[in-house]
Every structure is written in structure tokens, then in C-alpha cells.
Amino acid sequence: MTGMIYVVKRGDSVFSISQQYGISMEQIMYDNQLYGQRHLVVGQALFLAEENGESVCSSLFTAGYAYPFINSELLREVLVSIDRLLVFSYGFTMGGELIAPLADDLPLIEQAWNAEVVPFLVLTPFGADGRFNNNLISQLVHNVEVQNQLIENLLTLVQERGYGGVDVDFEFILPGDREAFAQFVGRLRERMNTFGYSVSVALAPKVSAGQPGLLYEGIDYRLLGENADQVFLMTYEWGYTYGPPMAIAPINKVREVVSYAVTEIPVGKILMGIPNYAYDWPLPFIQGVTAAKILGNVEAVHLAAEKNAEILFDKTAMSPYFFYWEEGIQHVVWFEDVRSIEAKLNLAKEYSLLGVGYWNLMRPFRANWKLLGNC
């Protein structure tokens with residue numbers, strides 16, 4: 001597909017842009033999900049694609065996480081543009097028994113294969129509170145019997161339900177479990193590979209081997225790169241729910257992570273994470289008090305139109321944002337658009353990475369998939 005990014009100027013309309021570039025109004029509105037938006041927003045980035053163009057990109061392998069309750073129509077649209085569907089998620093007990101997701105995952109598996117997309121089972125160590133449980137991780141990685149039980153259960157489930165592999169998404173691993181965790185991933189990979197299945201592992205976004213912090217100290221890029229078939233860099237959440245307002249995945253910070261990762265892991269194994277969501281913070285930000293609201297990227301632009309806001313663009317972070325007022329309180333919204341996504345795709349190509357992976361596919365972002373087909 002051929003196309004371009006156009007940034008809306010004051011006085012622009014869908015009609016004027018359509019006339020200027022010879023693309024129908026219907027195509028522009030459909031590709032950019034403008035239906036329901038009051039008007040174009042100054043600073044809004046649009047993807048202008050040729051009508052009837054293909055939306056398949058051959059240069060970047062693409063994966064994305066989804067919960068089993070994803071809207072079927074939304075998933076059908078996304079599956080055209082991805083190679084791997086990461087179904088979130090299965091848990092496990094202290095004894096190595098699997099805990100199924102609340103919704104049935106079989107429809108996703110079938111829909112993925114029908115679209116020639118490989119579904120992966122995502123394994124997470126969630127406790128009863130729904131949060132990552134590092135005690136559960138410790139029990140697993142230091143107990144061979146529990147590992148054997150879990151690995152065999154995973155193999156059986158993968159075979160029975162038709163998965164193509166397993167993605168290990170463990171976070172907040174204790175520093176003392178660093179090597180044991182990598183060894184567990186290696187044992188799982190060895191067993192899965194024997195039957196033709198692959199194993200990937202999600203990695204917190206580190207910039208050095210000795211980076212302090214509970215999110216980072218239990219993750220060894222080199223060891224996990226050796227023990228997994230692929231790795232998924234979670235290069236997002238610099239701007240997060242309880243943190244100060246900023247870009248969710250500023251390109252300068254993402255670059256630091258990728259620059260370190262390629263010194264420890266073969267580039268052909270690396271998927272670089274991309275966020276598919278926005279955050280809306282009330283101002284002023286107060287640490288420990290302020291909490292951002294999560295939005296979709298399309299939803300964020302519709303909000304800007306509703307509030308008559310102008311969309312700004314941070315050229316260091318390569319990310320869009322805007323301010324608005326509601327009930328006497330000022331808000332700031334940071335989100336992703338086709339400009340910020342293009343910067344991320346270009347970064348992945350610059351480093352010759354295997355590809356990119358989206359957290360997550362649950363919110364519509366059609367222009368993103370059109371752009372991906374243009375890469």
C-alpha cells in the first residue's frame with residue numbers, strides 16, 4: 001500500500017483534503033475512524049491511503065496481545081495485519097496446575113488460524129488479587145517438580161487447543177530468581193521446540209545490565225535471549241496511571257532500551273513493544289493522589305474535537321498530546337497517532353529487529369494498521 005501522513009491545519013475539512021489529494025471522503029473517514037467525531041482537529045494526523053490498497057507489510061513481523069473477550073469484528077480487522085496473536089492469559093497454581101482465563105479462548109484460536117495468524121498462549125503468574133505474584137514465580141523457578149508439572153500441562157493444553165507456542169509474561173521477578181527464571185524459560189523452550197512449538201518471553205524495558213528496581217533486577221537480557229526463541233520488549237509505560245503526565249512510549253526512551261537490547265540479544269529475536277492506548281491526567285499532578293484515565297487513541301482524538309482542543313506534538317518524544325478543561329479542571333492527554341507509530345516502526349527497521357508487538361489489540365486504531373501496511 002502507498003500512502004502518506006497529513007497533519008490537519010486550521011481551515012481544513014475532509015472535503016478539502018479529499019479534493020487536494022484525490023482520495024474519497026469516505027476513504028479518509030473510514031481509514032481514520034472519523035465517524036462520530038465532531039470536526040477535524042488542528043494538529044490531528046491522518047493517514048491518506050490509496051483506495052483498494054493492500055494492507056500487508058512484508059518487512060516487520062507483527063504480534064499483538066488480546067484478551068479472549070475482544071470484539072470479534074475488531075479482531076477480524078486486526079488479524080489482516082499481524083502474524084502472531086498473544087492470547088492473554090493463563091495463570092498457574094503453586095503446584096503447577098493451569099488456571100484458564102475467565103472467557104473461552106477457543107474462538108480466538110480458531111479465528112487466528114482462519115486468518116493464517118499463529119495464536120500463542122500467554123502465561124502469567126497472577127495471584128488471587130490479579131497482580132503479578134513474585135512468590136509464585138519463586139516457587140516455580142526453584143522447584144523442578146513444579147516446573148515439570150507446569151511444562152507438561154502447558155504442552156498438553158497447547159496441543160489440545162491448537163496454540164502455536166507460549167509467551168512467558170512474568171514481571172517483578174526477585175533479583176535472586178534471575179538465573180533460575182532464565183533456566184525455566186530454557187527448559188520450557190526445549191520441551192516445546194521438540195514438538196514444533198516456540199517460546200517467547202516479555203522483558204521489562206532495561207537500559208543496562210545492572211539497572212536497579214524490582215521491575216528490572218530479575219530480568220537478564222542476555223540469558224533470556226539465549227533461552228527463548230523470541231523476546232518482547234515492553235517499551236511503554238513511561239507515562240503511566242499513577243506517574244506524572246508524559247508520553248507513554250517516548251521514542252528517545254524506547255531507543256535507549258533497543259540500543260541496550262541489541263548488545264545482549266540477537267536482533268532477529270527482538271519484538272519491540274508499541275502501546276495502543278492513551279492516558280488522560282487531571283492537573284496539577286500530585287504524586288500518590290493523581291490517577292490517569294485510560295483511553296483509546298481514536299477516543300482521545302474524538303475527545304480533543306469535543307473539547308475544541310488543538311493537538312500538539314512533542315518532537316523529542318515523537319508523541320502527540322493536548323490540553324482541555326472540564327468542570328474547572330485542566331487535563332492533559334498523551335496518546336499515539338500515525339506520526340508516533342511511524343517513528344517506532346522506523347526505529348525497529350533501523351535496528352533490523354524481527355518486528356514489533358502491540359499491547360494491546362482491544363481498542364480500535366485502524367489508521368495504525370493501514371500505516372503498518374505502508375511500511
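**Pockets, a cavity and a helix pair**

Trainee: Which residues lie nearest the centre of the largest pocket?

Mentor: The largest pocket is lined by 28 residues. A pocket here is an open set of points on a 1 Å grid over the protein atoms alone, with protein on both sides within 12 Å along at least five of seven lines, and lining residues have an atom within 4 Å of a point. Nearest its centre lie Phe132, Glu171, Phe172, Glu237 and Tyr240.

Trainee: What should I keep in mind about the model and the numbering?

Mentor: This is a predicted model, in which local features need pLDDT of at least 70 and side-chain atom pairs count only at pLDDT 80 or more, while totals for chains, interfaces and linings use all residues. Side-chain values use heavy atoms, with hydrogens and water left out, and residues are numbered from 1 along each chain as its sequence is written.

Trainee: What is the volume of the largest pocket?

Mentor: Its lining has 19 nonpolar, three polar and six charged residues; Ala, Val, Leu, Ile, Met, Phe, Trp, Tyr, Cys and Pro count as nonpolar, Asp, Glu, Lys and Arg as charged, and the others, Gly among them, as polar. A volume is the space filled by probe spheres set on the grid points, which are joined across faces, edges and corners. For the largest pocket that is about 1,100 Å³.

Trainee: Which strand gives the most to the lining of the second largest pocket?

Mentor: The second largest pocket holds about 410 Å³ of space. Its lining has 13 nonpolar, six polar and no charged residues. Strands (E, at least two residues) and helices (H or I, at least four) are DSSP runs numbered from the N terminus. With four residues, the top contributor is strand E4 (residues 84-92).

Trainee: Which helix gives the most to the lining of the largest cavity?

Mentor: A cavity is a set of points where a 1.4 Å probe fits but cannot get out. About 170 Å³ of space lies in the largest cavity, and Asn32, Gln44, Ala45, Val301 and Phe365 lie nearest its centre. Giving four residues to the lining, the answer is H10.

Trainee: How do H9 and H11 pack, roughly parallel or roughly antiparallel?

Mentor: Helix H9 (residues 251-264) and helix H11 (residues 338-350) pack at an angle of about 20°, with axes 11 Å apart. Axes are lines fitted to C-alpha atoms, for helices over the stretch in contact (heavy atoms within 4.5 Å), and angles run from 0 to 180 degrees between N-to-C directions. Angles under 35 degrees count as roughly parallel, over 145 as roughly antiparallel, 65 to 115 as roughly perpendicular and the rest as oblique. Therefore H9 and H11 are roughly parallel.
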